[in-house]
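Here is a short briefing on one protein model. Look over the sequence and the structure, then read on.

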Amino acid sequence: MNVIALPRGGGKTTWALRESSRTGYTLVVLAYSTKRLHMEQAIDMGIIIPEPITFDDFIKGRGSEGRKVKGYIIAN
């Protein structure tokens with residue numbers, strides 16, 4: 001497990017999006033609104049990422065049905 005600890009505005013989200021694009025790992029985000037924002041940011045960056053899931057769905061084992069998940073990146 002790797003932990004990326006950077007200050008506010010330090011590039012954590014950008015790193016998570018690029019890493020998701022590079023590895024194919026699914027982002028786990030706080031809420032549905034954050035999920036939408038991450039998808040929009042990935043489009044703006046010109047990268048393709050797997051559809052993120054919420055933390056609640058991750059804990060309850062939902063959100064990844066019907067697709068093969070390589071791994072997860074927990075993003076805040």
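Is Glu40 buried, partly exposed or exposed? Glu40 counts as partly exposed, at 39% relative accessibility. Here buried means under 20% relative accessible area, exposed means over 50%, and partly exposed lies in between (1.4 Å probe, protein chains only). The model is predicted: local features need pLDDT of at least 70, side-chain atom pairs count only at pLDDT 80 or more, and totals for chains, interfaces and linings use all residues. Residues are numbered from 1 along each chain as its sequence is written, and side-chain values use heavy atoms, with hydrogens and water left out.

**Salt bridges**

- The count comes to 4 salt bridges, each a side-chain nitrogen of Lys or Arg within 4 Å of a carboxyl oxygen of Asp or Glu.
- Side chains of opposite charge can pair when their charged atoms come close.
- Glu40 pairs with Arg36 at 3.5 Å, N to O.
- Both Glu40 and Arg36 sit in helix α2, 4 residues apart, about one turn of the helix.
- Helices (H or I, at least four residues) and strands (E, at least two) are DSSP runs, numbered from the N terminus.
- Arg36 is partly exposed, with a relative accessible area of 48%.
- Lys35 and Glu51 form another salt bridge, at 2.8 Å from N to O.
- This pair links distant parts of the chain, 16 residues apart: Lys35 is in helix α2 (residues 32-45), and Glu51 is in the loop between α2 and β2 (53-54).
- Lys35 is buried, because its relative accessible area is 17%.
- Glu51 is partly exposed, at 44% relative accessibility.
- Lys60 and Asp56 also meet in a salt bridge, at 3.4 Å from N to O.
- Asp56 has a relative accessible area of 40%, so Asp56 is partly exposed.

- Thr23 belongs to helix α1 (residues 12-23).
- Thr23 counts as buried, at 17% relative accessibility.
- A polar atom of the Thr23 side chain lies 2.7 Å from the backbone oxygen of Glu19.
- The Thr23 side chain also reaches the backbone nitrogen of Tyr25, at 3.1 Å.
- A polar contact is a pair of N or O atoms within 3.5 Å; within protein, one must be able to donate a hydrogen and the other to accept it, and residues adjacent in sequence count only if both atoms are side-chain atoms.
- Thr34 lies in helix α2 and counts as buried, at 19% relative accessibility.
- Thr34 and Glu19 are 15 residues apart in sequence and 17 Å apart in space, C-alpha to C-alpha.

**Nonpolar patch**

- Ile4, Leu6 and Trp15 make a nonpolar surface patch of about 240 Å².
- Patch residues have over 30% relative accessible area and no salt bridge; nonpolar side chains (Val, Leu, Ile, Met, Phe, Trp, Tyr) are joined within 5 Å, like charges within 9 Å.
- Leu6 is in the segment before α1.
- Leu6 is partly exposed, with a relative accessible area of 38%.

**Largest pocket**

- The largest pocket holds about 220 Å³ of space.
- Its lining includes Asn2, Ile4, Trp15, Ile73 and Asn76.
- The elements that give two or more residues to this lining are α1 and β3 (72-74).
- α1 gives the most, with 4 residues.
- On a 1 Å grid over the protein atoms alone, a pocket is an open set of points where a 1.4 Å probe fits, with protein on both sides within 12 Å along at least five of seven lines; lining residues have an atom within 4 Å of a point.

Note on methods:
Accessible areas come from the Shrake-Rupley method with a 1.4 Å probe; for residues, only the protein chains shown count as cover. Grid points are joined across faces, edges and corners, and a volume is the space filled by probe spheres set on the points.
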